[in-house]
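Here is a short briefing to read alongside the model.

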Amino acid sequence: MTVAEPIAAAEPAGRPSRTTFVQATSALLVVSALLLVTFVHYGQVLEASISAGLINALQISTAYVVDTSVIFLPGQRYAGFTVSAGCTATLLVVPFFLITAGLLSFSRFSLRRSLTALGVVTLLIYVANQARLLLIAGVMRLFGGERGYELSHVFLGTIVSTLGVLFAIVAFVAILVGWRPARAGRRETELSPVG
């Protein structure tokens, strides 16, 4: 008499396994990161267009887009800024695409939580960069083109973008690990020493 081998649960025909799907998603994130770097110019144009639209909508000035530059009239002369490769949020989100791909490939983070964290960090970094660009335009309107640009771009804009990226990183990690703020009224349990 022989002992029967347990029968493994077979995957339904035509349906890829979860591991295959996660690996494919991870590969897609790496390809997306490479595409973002390769076609960063289109991200710059998009950010400049959004910034000009917000400047117009908020009536800071009448803004126009020329490729990656936003031109507006903050005073008596035209001024503006260029969303250069160093000023775009597109390159700031690339590391998060790669980190997420790595976490999915080599750890047990859930796909849904990882992609949610990536989406949130991407959105927050783009919002922070748009806030920085709006700040630059607003300060240029208040203090004039040259003086306003120096004050807003070098000092205030750096603070806004740094705080925005830090907040985005904290949100990314918090979503990944499933952290939730403590609820009001919930008692914390105390740890008692063992022994």
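Helices (H or I, at least four residues) and strands (E, at least two) are DSSP runs, numbered from the N terminus. The model is predicted, so local features need pLDDT of at least 70 and side-chain atom pairs count only at pLDDT 80 or more, while totals for chains, interfaces and linings use all residues. Residues are numbered from 1 along each chain as its sequence is written, and side-chain values use heavy atoms, with hydrogens and water left out.

**Overall layout**

- The protein has five helices and three strands, and their order from the N terminus is α-α-β-β-β-α-α-α.
- Buried residues (under 20% relative accessible area, against over 50% for exposed and in between for partly exposed, with a 1.4 Å probe and protein chains only) make up 32% of the 195 residues.
- Contact means heavy atoms within 4.5 Å. Among contacts between residues at least 6 apart in sequence, 64% join residues at least 24 apart.

**Helix geometry**

- The expected span of a helix is 1.5 Å times one less than its number of residues.
- H3 (residues 90-106) has 17 residues and should span 24 Å; its end C-alpha atoms lie 25 Å apart, which agrees.
- H4, with 33 residues, should span 48 Å, in agreement with the 48 Å between its end C-alpha atoms.
- After H4 comes Gly144, with a positive phi near 90 degrees.

- In H2, the buried residues are Val40, Gly43, Gln44, Glu47, Ala48, Ser51, Ala52 and Ile55.
- Ser51 in helix H2 has 0% relative accessibility and so counts as buried.
- Which residues does Ser51 contact, leaving aside its neighbours within four places in sequence? They are Val70, Phe81, Gln130, Leu133 and Leu134.
- Buried residues of H3 include Thr90, Val93, Val94 and Phe96, along with Phe97, Thr100, Ala101 and Leu104.

**Arg132, a buried charge**

- Lys and Arg count as positive and Asp and Glu as negative, with His and the chain ends not counted. A salt bridge is a side-chain nitrogen of Lys or Arg within 4 Å of a carboxyl oxygen of Asp or Glu.
- Arg132 is buried and has no salt bridge; Glu47 is the nearest side chain of opposite charge, 6.5 Å away.
- The Arg132 side chain does reach the backbone oxygen of Cys87, at 3.1 Å. For reference, a polar contact is a pair of N or O atoms within 3.5 Å; within protein, one must be able to donate a hydrogen and the other to accept it, and residues adjacent in sequence count only if both atoms are side-chain atoms.
- Setting aside neighbours within four places in sequence, Arg132 is in contact with Cys87, His153, Gly157, Val160 and Ser161.

**Aromatic pairs**

- Rings of Phe, Tyr and Trp (its six-membered ring) pair if their centres lie within 6.5 Å; planes under 30 degrees apart count as stacked, over 60 as edge-to-face and the rest as tilted. How many aromatic pairs does this rule give? The count comes to three.
- One of them is the edge-to-face pair of Phe72 and Phe81, at 6.1 Å centre to centre with 65 degrees between the planes. Both Phe72 and Phe81 are buried.
- The ring centres of Phe96 and Phe172 are 5.2 Å apart and their planes stand at 70 degrees, so this pair is edge-to-face. The pair links distant parts of the chain, with Phe96 in helix H3 and Phe172 in helix H5 (residues 145-177), 76 residues apart. Phe96 and Phe172 are both buried.

**Positive phi in the loops**

- Most residues other than glycine have a negative phi.
- Gln59 is exposed, with a relative accessible area of 65%.
- Asp67 has a positive phi near 60 degrees and lies in the loop between S1 and strand S2 (69-72). Asp67 is partly exposed, at 44% relative accessible area.
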